[in-house]
Amino acid sequence: MKLYSTKNKNLIVDLKEAVLKSLAPDKGLYMPTDLPKLDDRFIENLSSFSFQEIAFQVCSALFKDTIAPNDLMEIITNSMTFPAPVVNIHDHISTLELFHGPSLAFKDFGARFMSQLMSYFNRNEKDLTILVATSGDTGGAVAAGFLKTPGIEVVILYPSGKVSDIQEKQLTALGNNITACEIDGNFDDCQRMVKEAFLDKELNQQYNLSSANSINIARLIPQSFYYFEALKQVKSKHVVVVVPSGNFGNLTAGLMAKQMGLPIKKFIAATNRNHVVPDYLDSGNYTPMESIQTIANAMDVGSPSNFTRMQEIYPDVDSMRNDILGMWFDDDQIRAKIKEVYKRHNYILDPHGAIGYLASEKYLKGNPNDHLIFLETAHPCKFIDEVEKAIETNVPVPSSIKDLMQKEKQAHALTSKYEDFKSWMLQKN
Ligand SMILES: *Cc1c(COP(=O)(O)O)cnc(C)c1O
């Protein structure tokens with residue numbers, strides 16, 4: 001498998017380099033040079049394959065002979081450890097539940113797969129130390145994804161008192177190869193300290209430092225698997241997939257699946273009030289903005305990083321419009337829909353999924369014969385305050401989270417001075 005930089009088609013690397021470096025030297029994002037069409041018989045017979053077998057087929061086509069089949073099967077078995085069920089809400093609207101992983105959000109798929117690929121490609125080198133600054137959510141997915149991964153340790157910096165109780169436990173209670181530093185400062189301090197560490201000669205001598213960047217291609221690839229898994233579970237031949245989007249990684253993964261031959265009729269790029277991409281689809285002008293705060297806050301992105309990857313697949317707005325519709329909704333619409341869907345259909349949406357539902361309903365009005373699948377990107381208990389206010393009853397909390405809350409927090413308290421972090425790093429092993 002070869003990948004090129006979105007800033008320069010002639011800058012070509014292999015998968016190992018793309019996975020271990022995340023970003024191209026010219027700061028472009030890596031894209032596969034080829035998205036091969038899968039065998040028609042495979043696409044027509046998806047229902048005879050398990051989720052892991054689907055992942056293996058898609059991955060083998062993409063990777064070609066980069067990774068031996070046995071090793072690839074092991075990577076997939078170790079990373080695809082939770083299901084992606086389609087749940088029918090009513091008639092023509094279903095949801096693909098992507099929250100059955102350890103941090104209860106779809107990012108678990110990407111984090112877990114990336115950890116396995118990094119471990120595989122780094123197997124003959126000095127152990128990797130992944131440094132992560134987090135404001136809460138990504139850190140949890142990375143911690144769970146890298147837990148017990150051979151040859152990799154993770155050091156997470158998070159701002160003291162600025163993450164939720166569940167998030168803090170996800171960062172601090174796993175132990176093993178995951179270490180948390182509780183910084184007396186804010187998220188920007190954490191990020192500054194990590195940046196400084198990457199430039200620090202002394203630290204780089206002692207450690208083989210790396211990052212778990214959200215734009216790493218290894219996070220996108222497994223996200224394409226569950227689109228196949230989704231279509232396997234519905235009968236309709238006219239499937240439209242709604243993707244609640246922020247940085248548009250999830251949508252890009254879906255577009256890749258379509259390029260590989262998955263028959264998705266259309267995608268809907270659904271956002272909150274950060275509607276730069278729906279605006280682009282509307283007007284043809286792409287105008288990134290400062291982000292606006294909403295209750296679907298994992299999608300509060302004003303300048304989506306994966307837009308440049310979408311443009312690699314659709315170089316102009318007309319070609320993009322053929323396959324993608326844009327829609328956006330505000331907080332009041334989200335709250336009202338969470339309430340209504342619970343009352344009418346007894347299904348608890350989270351704020352991001354509610355945007356997916358809103359878009360599904362709106363599209364269905366004009367296209368009553370299509371079947372909508374919207375991605376439910378997080379478990380509603382992750383946004384418990386908003387959701388409980390809307391449905392006026394308790395949101396059930398999964399037992400895995402109850403177990404986690406019983407575990408003990410372990411974190412190294414540090415000031416926001418870089419030198420403090422550095423001396424702790426130098427003496428910790
Ligand atoms: C990250 C995230 C999103 C946005 O996904 P993108 O791939 O960045 O578009 C949506 N919902 C939830 C719950 C998320 O955590």
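These legends describe close-up views of a predicted model.

**View 1. The shell around the ligand.** The ligand is surrounded by 13 residues. Lys107, Gly246, Asn247, Phe248 and Thr377 are the closest. By class, the shell holds 5 nonpolar, 7 polar and 1 charged residues.

**View 2. Thr377 and the cover over the ligand.** Here the ligand atom is a nitrogen, and a polar side-chain atom of Thr377 sits 2.8 Å from that nitrogen. On its own, the ligand has 390 Å² of accessible area, and the protein covers 95% of it.

**View 3. The second largest pocket.** This pocket holds about 340 Å³ of space. Its lining consists of 13 residues. Ile43, Leu231, Val234, Ser236 and Lys237 are the closest to the pocket centre.

**View 4. Helices and residue classes in the lining of the second largest pocket.** Two of the contributing elements are α2 (40–44) and α10 (217–232). Each supplies at least two lining residues. The lining divides into 6 nonpolar, 3 polar and 4 charged residues.

How values were computed
Residues numbered from 1 in each chain as written. Predicted model: local features only at pLDDT ≥ 70, side-chain atom pairs only at ≥ 80, totals over all residues. Heavy atoms only, no water. 1 Å grid on protein atoms, 1.4 Å probe; cavity = no way out; pocket = protein on both sides within 12 Å on 5 of 7 lines; lining within 4 Å. Points joined across faces, edges and corners; volume = space filled by probe spheres on them. Helix = DSSP H or I, 4+ residues; strand = E, 2+ residues; numbered from the N terminus. Nonpolar A, V, L, I, M, F, W, Y, C, P; charged D, E, K, R; others polar. Near = heavy atom within 4 Å. Polar contact = N/O pair within 3.5 Å; in protein donor to acceptor, adjacent residues only side chain to side chain. Areas by Shrake-Rupley, 256 points an atom, 1.4 Å probe, with all protein chains shown as cover.
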